[in-house]
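Subject: Structure handed over, with notes on what was found

Dear colleague,

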Amino acid sequence: MSPVNLLQPNLILGGPITLITPAILDQYALKGLILDVDETLVPWQHSQVSPELSQWIEEIKECTLSLWLVSNNLSEQRIGNIAKSLKLPYLLAAGKPSRRKLRIALEQMNLPCTSVGMVGDRLFTDVLAGNRLGLFTIFVDPMLEESQTDTSWTHIIRNLEIYISERLGVSLAAQNKTV
Ligand SMILES: [Mg+2]
């Protein structure tokens with residue numbers, strides 16, 4: 001697979017993860033989702049999920065067979081607490097773009113990879129890992145603290161990944177406008 005294909009998300013949401021609706025899951029025949037945690041579900045500065053996010057998870061639980069959290073974060077305390085508050089299974093220290101822990105989640109989900117969405121805010125970790133495994137990759141805008149500035153290190157890294165990917169030919173225009 002070429003670098004472009006490996007970095008090209010299947011769906012560019014053009015907003016935060018909470019824009020994923022049951023209709024979108026239906027449209028792409030997705031039965032399960034693997035979710036990144038940091039800045040996909042929760043801003044770095046927060047240790048707890050927002051009420052809006054909890055409500056979205058409950059809505060998505062009702063129309064999927066399986067949801068997993070797979071994070072590169074090494075902190076059992078942070079990721080474990082977030083997962084427990086959402087009542088979701090989780091794996092940490094995933095080392096995405098490694099496929100190893102995504103494979104473990106996928107085996108537990110017992111779903112074909114084409115029926116599972118990998119949702120994340122980073123191209124070089126979440127999208128790359130998901131595409132390497134043949135998952136349906138969904139690229140979301142990061143969940144940021146309101147006061148966070150454009151000079152924060154995660155913002156700079158994420159934008160660098162976007163810049164490099166677009167130079168390689170990856171298209172990152174939001175696609176869900178009509179959904
Ligand atoms: Mg992230």
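Strand 3 and strand 4 run parallel and are joined by two bridges, and within this pairing Val70 has Leu91 of strand 4 as its bridge partner. Please keep in mind throughout that this is a predicted model.

In general, strands of a sheet pair through backbone hydrogen bonds, either parallel or antiparallel.

Strand 6, which spans residues 136-139, is covered on both faces, with Phe136 and Ile138 buried on one side and Thr137 and Phe139 buried on the other. Strand 1 (residues 11-12) pairs with strand 6 in the parallel sense over two bridges, and here Leu11 stands opposite Ile138. Strand 5 (residues 116-120) also pairs with strand 6 in the parallel sense, over four bridges, and Met118 has Thr137 of strand 6 as its bridge partner. Between these two strands the chain passes from strand 5 through helix 6 (residues 123-133) to strand 6, and this β-α-β crossover is right-handed.

Helix 5 covers residues 100-109, and its buried residues are Lys101, Leu102, Ala105, Leu106 and Met109. Because these residues cover an arc of only 145° around the axis, they lie on the same side of helix 5, while Arg100 and Glu107 are exposed on the other side. The buried residues pack against strand 2 (32-35), strand 3 (66-70), strand 4 (90-91), strand 5 and helix 6.

In helix 3, made up of residues 51-61, the buried residues are Leu53, Trp56 and Ile57. They cover an arc of only 100° around the axis and are therefore on the same side of helix 3, whereas the face turned away from that buried side carries the exposed residues Pro51, Gln55 and Glu58. Helix 4 (76-86) is included in what covers the buried residues of helix 3.

The nonpolar core

In soluble globular proteins, nonpolar side chains tend to be buried together. In this model the largest nonpolar core has 47 residues, and those with the most contacts inside it are Ile34, Leu41 and Ile138. Leaving out residues up to four places away in sequence, Leu41 touches Ile17, Leu35, Val49, Leu53, Ile82 and Met143.

Leu35, in turn, has its place in strand 2, and it counts as buried because 27 other C-beta atoms lie within 10 Å, where 20 or more are required. When neighbours within four places in sequence are set aside, Leu35 is in contact with Thr40, Leu41, Leu67, Leu69 and Val119. Leu35 and Val119 are 84 residues apart along the chain, yet their C-alpha atoms are separated by 5.0 Å.

By way of contrast, Ala29 lies in the loop between helix 2 (22-27) and strand 2, and Ala29 is exposed, with 9 other C-beta atoms within 10 Å, the limit for this class being 12 or fewer. The C-alpha atoms of Ala29 and Gln175, which are 146 residues apart along the chain, are separated by 17 Å.

Backbone points to look at

Most residues other than glycine have a negative phi, and most peptide bonds are trans. A cis peptide bond, with omega about 25°, joins Lys96 and Pro97, and Pro97 has its place in the loop between strand 4 and helix 5. Ala93 is found in the loop between strand 4 and helix 5 as well; although not a glycine, Ala93 has a positive phi of about 50°, and it is partly exposed, with 14 other C-beta atoms within 10 Å.

Asn110 is placed in the loop between helix 5 and strand 5, and it is exposed, with 10 other C-beta atoms within 10 Å.

With kind regards

Methods
Residues are numbered from 1 along each chain as its sequence is written. This is a predicted model: local features need pLDDT of at least 70, side-chain atom pairs count only at pLDDT 80 or more; totals for chains, interfaces and linings use all residues. Two strands pair if DSSP finds at least two bridges between them. A crossover is right-handed if, with the strands pointing away from the viewer, the path from the first strand over the helix to the second runs clockwise. The arc is that of the directions from the helix axis to the C-beta atoms. Two residues are in contact if their C-beta atoms, placed from the backbone, lie within 7 Å. A nonpolar core is a set of buried Ala, Val, Leu, Ile, Met, Phe, Trp, Tyr and Cys residues joined through C-beta atoms within 7 Å.
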